[in-house]
Amino acid sequence: MTLDRIYQAAHLLKPAVRRTEIIPYPWIQSDCELYLKAENLQLTGSFKLRGAYFKISMLSDEDKKKGVIACSAGNHAQGVALAARDMGIKATIFVPSVSPLSKIEATRRLGAEVKIVDGVYDDAHRAALEYQKECGMVFIHPFNDEDVIAGQGTIALEILEDMPDVESIIVPVGGGGLISGIAYAVKKLRPSCKVYGVQAAGAGSMYASLENGTLTKIPKVSTFADGIAVRAPGDITFDLCSQFVDQVVTVTDDEIATAILTLMEQEKLVSEGAGAVSVAAILFDKLRLTGQKVCAIVSGGNVDVNILSRIIDRGLRTTGRLSEMNVEMIDKPGQLQEVSAIIASLGANVVKVLHNPSGENTDINGCYLHLSMETKNKEHFQSIKDTMQAKGYRILS
């Protein structure tokens, strides 16, 4: 890896990729000055186009005639497909079955042949390598490749040019291609700037590798952030991260969902799970960034619309804006009206009510009321529970 290679990638990619905007984000409840690098607005909806396009453009004419093969959860697939289409090259992409249908169809629309493999990314990777041995096509790795890493590193050049006084850059991490390129460029050009990585807690292979001091393959991945659901980083990316990344932290799926919801509401930006982990780390104070000028990379926006409502619901519950309460009370006229009046007087809104008769070992004339309500936050919900208990109602949960 060299700076010259990253600068070469930046020059070559100018007509092929979008120079994405850096957006001030003053609304977030944080003690840092935050900006967002909106790679979710990149062509194909992800930063992955940069590395794929540069890698394929560097192939020899002979290799281009063979065609290219890749494996991907969806974003690298679209980058490879678009680059191959622009250069008149045949592309075959192996995609794990857990990938969102929207990403699979987008890859097909770009002209690539798509082969779906049962399992996760690692299973698709294994199948792609087996197929590559049979057909002789050129394999385009999604992260463990110097040219791919150099392509992703062009993001760092743009950030440093647009934010010359940036103090920390927060980067989503799966296999490590994005953060490797960014960290290398940043530490060579601005050594004082910190580079932090963020992984999903259910797919923390780079986190585990850096903690163990050796490349570590985790037993399984479990996260809805499919773009970073990787069981092991590459040897190249692990080596670069070991040298140039300051720290890697993890965030839960609930925290990622909250970040997606927050970005939609406050900045009108649609992010997928992998793209929102950087913002989640800031929202939930995973890093010490007090008083710093920070750039968080929103790496992709290809969220599966089929699960978007579930993501929003999870985000609302995590922040206490959608709350549920079970109340034990006497089944008599006026009780529901009184409970509703208490909740309304405290500024909450009941959206769903379930009434159940009492079970064994309870009063014959008792009942349970399950309430779903819109609340401001967890503190607001707690005040409602406290008021209900003060008025003699028994809160079960």
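How do the residues of the lining of the largest cavity divide into nonpolar, polar and charged? The answer comes under the second heading, after a word on the model.

## About the model

This is a predicted model, in which local features need pLDDT of at least 70 and side-chain atom pairs count only at pLDDT 80 or more, while totals for chains, interfaces and linings use all residues. Residues are numbered from 1 along each chain as its sequence is written, and side-chain values use heavy atoms, with hydrogens and water left out.

## The cavity

Searching the whole structure turns up one cavity of 30 Å³ or more. A cavity here is a set of points on a 1 Å grid over the protein atoms alone where a 1.4 Å probe fits but cannot get out, and lining residues have an atom within 4 Å of a point. The volume comes to about 300 Å³ for the largest cavity, counted as the space filled by probe spheres set on the points, with grid points joined across faces, edges and corners.

There are 30 residues lining the largest cavity, and those closest to its centre are F47, K48, G174, G227 and I228. Now for the opening question: the lining has 14 nonpolar, 13 polar and three charged residues. In this scheme Ala, Val, Leu, Ile, Met, Phe, Trp, Tyr, Cys and Pro are nonpolar, Asp, Glu, Lys and Arg are charged, and the others, Gly among them, are polar. Two or more lining residues come from each of the elements α4 (75-87), α8 (177-189) and α12 (273-283). Helix α8 gives the largest share, three residues. Helices (H or I, at least four residues) and strands (E, at least two) are DSSP runs, numbered from the N terminus.

## Two aromatic pairs

A pair of aromatic rings is described by the distance of the centres and the angle of the planes. Rings of Phe, Tyr and Trp (its six-membered ring) pair if their centres lie within 6.5 Å; planes under 30 degrees apart count as stacked, over 60 as edge-to-face and the rest as tilted. The whole structure holds two aromatic pairs. In one of them, F94 and Y131 have ring centres 5.4 Å apart and planes at 55 degrees, so the pair is tilted. Because F94 sits in strand β4 (residues 91-96) and Y131 in helix α6 (residues 121-135), the pair ties together parts that are 37 residues apart in sequence. F94 is buried, at 6% relative accessible area, whereas Y131 is partly exposed at 23%. For these labels, buried means under 20% relative accessible area, exposed over 50%, and partly exposed in between (1.4 Å probe, protein chains only).

The rings of Y184 and F244 have centres 5.3 Å apart and planes at 85 degrees, which means the pair is edge-to-face. With Y184 in helix α8 and F244 in helix α10 (residues 235-244), parts that are 60 residues apart in sequence are tied together. Both Y184 and F244 are buried.

## Salt bridges

Side chains of opposite charge can pair when their charged atoms come close. With a salt bridge taken as a side-chain nitrogen of Lys or Arg within 4 Å of a carboxyl oxygen of Asp or Glu, the whole structure has 23 salt bridges. One of them joins K103 and E272, whose closest N and O atoms are 2.8 Å apart. K103 belongs to helix α5 (residues 101-109) and E272 to the loop between α11 (253-267) and α12, so this pair ties together parts that are 169 residues apart in sequence. K103 is buried, with 1% relative accessible area, and E272 is buried too, at 2%.

Another bridge links D246 to K194, with the closest N and O atoms 3.8 Å apart. D246 is in the loop between α10 and β9 (247-251) and K194 in strand β8 (residues 194-200), 52 residues apart. Both ends are partly exposed: D246 at 33% and K194 at 35%. R314 pairs with D254, the closest N and O atoms being 2.7 Å apart. R314 lies in helix α13 (residues 305-318) and D254 in helix α11, so parts that are 60 residues apart in sequence are tied together. R314 is partly exposed at 43%, as is D254 at 29%. Finally, K37, E39, R50 and E158 are linked in a network of salt bridges.

## A look at Y207

Y207 is found in helix α9 (residues 205-212) and is partly exposed, at 33% relative accessibility. Leaving out residues up to four places away in sequence, Y207 touches Q199, V248, V249 and T250, where contact means heavy atoms within 4.5 Å. From Y207 to Q247 the C-alpha to C-alpha distance is 8.6 Å, across 40 residues in sequence.

How values were computed
On a 1 Å grid over the protein atoms alone, a cavity is a set of points where a 1.4 Å probe fits but cannot get out, and a pocket is an open set with protein on both sides within 12 Å along at least five of seven lines; lining residues have an atom within 4 Å of a point.
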